[in-house]
Amino acid sequence: MQNSTVDMIGLIKSTFGDKVQIQLGALGAAAITANNGLHRDVLKTMLAADEKTGITAITGLDLGAIIGVYYHIHTSNVFVTIKTEVTKENPKTQTIVDLHLGAAFHELEVADLLGVVFEGHPSPGHFVLSENWPEGIYPLRKDVKANEIKLVPTPASEEIQLPENKRLVKIIIGPQHPALLEPEKFAVTVDGETVTKVEPRIGYVHRGIEKAAESRGYMQDVYLMERICGICNSCHAYGFVGAVEKILKTQVPPRAEYLRVIALELNRLHSHLLTLGHACLEIGYETVFQYFWRDREPIMDLIELTSGNRVYSSLMTIGGVRRDLKDTDIPKIKTTLEELRAKLPFYRQIYENEPTLKLRMKNVGVLSKQDAINLSCVGPVARGSGYDVDVRKDEPYSAYAEMPFKEIVYTTGDTWARMNVRMDEVEESINIIEYAVDNLPKGPFRLELPRSVPAGEAIHRLEAPRGELFYYVRSNGTDMPDRVKVRTPTFANIPSFLKTAIGESIADVPANFVSLDPCFSCTDR
Amino acid sequence: MTDTKTWARVKSPWVLHFNSGACNGCDIEIVALLTPKYDVERFGVKLEPSPRHADVLLVTGCVTQQCAERLKAIYEQMPQPKFVVAIGACACSGGVFEGNYNVVGGVDKVIPVTAYIPGCPPRPEAILDGVVKLLNALNPPKPKKQPKQAKAPEVAKPEAAVAQAAQGIVEEEKQVAK
């Protein structure tokens, strides 16, 4: 492998010449139009030039007679989009799973929602939509009306294919299961106690938010996007708002950027405390779960103090934030954070020394750095395996370029490392919020912007508590967006669980799984 | 006998939580109810993993197509008498997701609902209030006043009798010590 600072766009220009069109500065560093199967060759070149090349998302969009398929690719130093298209009569294209394993789920989703056929995909089938979905109706196509789809009712218990080998037993976890807060199904095949195969079935929380966004105004969409996830809601609202602001080419006031950072970090704080506790619950250590959730409540109070709402902060808006921070509230924020910081050594000592936790978490679900790269993992899962991706550092957004914080990386790659990444990030988040409230710039906190947005498209990437969150927004010049695509961190991290669970004990599945901090309302949308 | 059963039910309702396609907002608030700040277990409310042991079904979410049949099956597995509480705007009516292609919208389109708790998400206090209102609606038997004739003084004041006995023991001990 070559060095990681290779000039990727220059390389593509010199390799392909006129065969591809490169539009600099669009959808990341550049948008590369590569039709007639050339997208595979471009991707091959990129994979060979930089070992950290991976796929962030695949966006499918209805462009009239054709369907655009956009591959959003990240490398170690640049983010590009490869554009290709298929016709509606013959929506076939070659799969890229053979080049990069991490693309498998992205392709299934585009196939389900837009009817693009990825030839050569290893496991085609419904992934997001239900099994009784009518043939030939693809909800994200423009000619499909959301309220005209009629479904055939299905029985509650779907047919289960038993494994051929009689030694093997198939255990179905979900959709309703005490260990899962959300309805998802995992069919785990076990040989004795050892897991040999995990088949996920997501889509139980698929609410069709991307389609709904196309029939609502931009302001309404901010609140709709926020409701993708009740935990990282500020991140979703900011992802959408950030993309729209890029299309509008506006710069929000510095005070608004700082207030956004405070909201995003409060979000991260409460989400990490929730997971650190939930992981203990999954291994049967309920006391620590109760402790973590007790200490999460003051953070919820801070969210309520700064935004007026306990769960859905609804703080982000196009052009800034909806509510200013009062100077009189700052001491309360600082004392609460100080109290939380004082409790951290106790929790760290529990994670370091407690034999129960060590037994259930150390060397469980080990994900190697190479696998993390190959599967395009994000967030604490990638950072626990020594793969240093953090959008806040790699491509600073909002006011993160000015914030002093460390990127937390552990190298062991097990469940314990993933949880400790979060533990250390709690402390970093406290530092960021303290710096932000101390250095809060004076001035306005909101701009008045027009309701309609000029035609254009933009992407926005940010680091949600669970990893990189990706938004693509396309506007057609009206007051409603043409297409909104969301790639959530759990969607990118599920393949890593399917990989690490195999060969381990069935009893380790819950602890391993919860270390991804799975959020299916995000995944399914 | 019925009175005793209702009394027991009201004193210790076991609840089952089912997420029918919610965003985690309401779900996390339900879990927050069980944690130290709100701690509903002090009222006897216990989160129960199996539908076969549950009295109250707490449903969150806008009911997606995939979950609708599941929800019905879980409701049917619960023993009588059973109560369903729809928590959050989505569970009450479909909320902001009403009209989306994969959404049935509202728990009452699938199973009968006893109580609605609106909010996006409702605060833990509101959920608690809703559950208490539901339990009061069951008309729990009030502690009965005993008729005046039956109120014999020696029976009515067991504390006094115990105190008298205790005093006796103490005096005996004193004598033994002497």
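B:Pro121 sits in the loop that links strand S5 (115-117) to helix H5 (124-136) of chain B. Helices (H or I, at least four residues) and strands (E, at least two) are DSSP runs, numbered from the N terminus. The peptide bond from B:Cys120 to B:Pro121 is cis, with omega near -15°. The model is predicted: local features need pLDDT of at least 70, side-chain atom pairs count only at pLDDT 80 or more, and totals for chains, interfaces and linings use all residues. Residues are numbered from 1 along each chain as its sequence is written, chains are lettered from A and ligands numbered from 1 in the order in which they are written, and side-chain values use heavy atoms, with hydrogens and water left out.

Most residues other than glycine have a negative phi, and most peptide bonds are trans. A:Lys249, in the loop between H6 and H7 of chain A, has a positive phi of about 55°. A:Lys249 counts as exposed because its relative accessibility is 74% (exposed is over 50% relative accessible area, buried under 20%, partly exposed in between; 1.4 Å probe, protein chains only). A:Asn363 also has a positive phi, near 60°. A:Asn363 lies between helix H10 (355-361) and helix H11 (369-374) of chain A, in a loop. Its relative accessibility is 63%, so A:Asn363 is exposed.

B:Val85 belongs to strand S4 (residues 83-87) of chain B. Its relative accessible area is 0%, so B:Val85 is buried. Contacts of B:Val85, not counting residues up to four places away in sequence, include B:Val56, B:Leu58, B:Ile117 and B:Leu134; contact means heavy atoms within 4.5 Å. B:His17 is 68 residues from B:Val85 in sequence, yet 9.7 Å away in space, C-alpha to C-alpha.

Between the chains, 49 residues of chain A are in contact with 42 residues of chain B. A:Gln176, A:Leu181 and A:Arg207 supply 18% of the area that chain A buries against chain B, more than any other three residues. Buried area is the accessible area (1.4 Å probe) that two parts lose on being put together, summed over both. The two chains bury about 3,700 Å² between them, 62% of it on carbon and sulfur atoms.

Helix H8 of chain A has 22 residues, which should span 32 Å at 1.5 Å a residue; its end C-alpha atoms are 31 Å apart, so the two values agree. The expected span is 1.5 Å times one less than the number of residues. A:Gly308 follows H8(A), with a positive phi near 90°.
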